[in-house]
Amino acid sequence: MRTGTIPRVLGTAAALAALLTTALAAPAVAERSTTPGRAPAEAAAPASFTHPGVLVSRPQLDFVRGRVQAGAQPWKSAYDQMMGSKYASLTRTAKPRAVVECGSYSNPNNGCTDEREDAIAAYTLSLAWYITQDSRYAQKAIQIMDAWSAVIKDHTNSNAPLQTGWAGSSWPRAAEIIKYTYSSWPGSGRFGTMLRNVYLPEVTNGSHSNGNWELSMTEAAIGIAVFLEDRAAYDKAVGKFRGRVPAYIYVTADGSLPKVAPGSGLDTRAKVINYWQGQSTFMDGLSQETCRDLTHTGYGLSAISHIAETSRIQGQDLYPEIADRLRHAMGLHAKHQLGTPVPSSLCGGSLEDSLGPVTEVGFNALANRLGYAMTNTQTLTERQRPAGSNNLFVAWETLTHANNPA
């Protein structure tokens, strides 16, 4: 059983006793590595995987279906939004190709948008299937997944890792729902082979680019590991997550400088500040990409939430490990997106863009399940409902996660 945080008002002797009790009662947790090149390690994969179990579980899906059938809000409006989107179309024609080539900012864009949107469509259709129990949606999702698994061989050019991470995050969500809730999918084995041979090798080793890259790649890796029931790949993804999250979101307990990801090579103050977009003043919740723009920051925060949500479904909840960082990050960025003036000490006094439709999953986990007060995040989340899709790897999270207790 996980014990709570020891109150600061305890005296020294009481605190020591409480710490000893915690050490004896709680399961072993790997010490956070501060040595570059050495990733935190702890077995994480379940002895038996839960299916469907990537981002959404069967109890969560049952809750959503019940709310939609009852016409309750915000789920009904979120459902209507999804069903009215191009991704839910039963006339969609998949556009697979053997090699998807994606340069920086998708230039060139040879199949990049097609792949991401087909993956989101497969997930959308799988949700439509579960909620409506209309087999046409399951069949269309299968048709799209089969089309890609029959053709794709590789991703190339500079954005290949990120592209693979984005598409590879959506595919397993769809595949899990169809394989484990629909009557028949003869091509599921070939689809699994595609994930193992084309997607997993590209994402499993992470990236030392901006943090949203490695986080999206890790999201894909953990989802693929669940679908393949690959415990080694799952453990490796969790290790990447534990090394990257503290290097993506700063909290004052980190000290005068943010932590660095294992193997990053950021071994001087100047290198760290440069990596953090030139920001030299650090505050609770600051992201490595805050001073780049809020949109890319949103990608990172979203992937963190998705990975933690999948881990929770699989029986080892990673939220408590990263809750303090994630709640501060969501709150800081939400506050300024809502209009609180940006101090000159933060990114020179201005922030660009917006987080996007990415706060539902983390807010539901931290505020509703764990009980954190998150006023700014709640205001932004409710203002943005129903949250749609960013057309990359985020889709319909008001529908799937708004106030979802499952």
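Visitor: How many cavities of 30 Å³ or more does the structure hold?
Guide: This is a predicted model. A cavity here is a space where a 1.4 Å probe fits but cannot get out. The number of such cavities of 30 Å³ or more is 3.

Visitor: What volume does the second largest cavity have?
Guide: Its lining includes Arg244, Lys259, Tyr275 and Trp276. Helix H9 (231–248) and helix H10 (269–275) each supply at least two lining residues. The second largest cavity has a volume of about 40 Å³.

Visitor: How do the residues lining the second largest cavity divide by class?
Guide: Among them are Ala247, Val260, Ala261, Leu266 and Val272. Ala, Val and Leu count as nonpolar. The lining divides into 7 nonpolar, 1 polar and 2 charged.

Visitor: Which helix gives the largest share of the lining of the second largest pocket?
Guide: That pocket holds about 240 Å³ of space. Its lining has 14 residues, with Tyr105, Asn159, Leu162, Trp166 and His296 nearest the centre. Helix H6 (160–181) and helix H11 (294–313) give two or more residues each. The largest share, 3 residues, comes from H11.

Visitor: How many charged residues are in the lining of the second largest pocket?
Guide: The lining has 6 nonpolar and 7 polar residues. Its charged count is 1.

Visitor: What covers the buried residues of H5?
Guide: The buried residues of H5 include Tyr137, Ala141, Ile144, Met145 and Trp148. Their cover includes H3, S3, H4, H6 and H7.

Key
Residues are numbered from 1 along each chain as its sequence is written. This is a predicted model: local features need pLDDT of at least 70, side-chain atom pairs count only at pLDDT 80 or more; totals for chains, interfaces and linings use all residues. Side-chain values use heavy atoms; hydrogens and water are left out. On a 1 Å grid over the protein atoms alone, a cavity is a set of points where a 1.4 Å probe fits but cannot get out, and a pocket is an open set with protein on both sides within 12 Å along at least five of seven lines; lining residues have an atom within 4 Å of a point. Grid points are joined across faces, edges and corners, and a volume is the space filled by probe spheres set on the points. Helices (H or I, at least four residues) and strands (E, at least two) are DSSP runs, numbered from the N terminus. Buried means under 20% relative accessible area, exposed over 50%, partly exposed in between (1.4 Å probe, protein chains only). Contact means heavy atoms within 4.5 Å.
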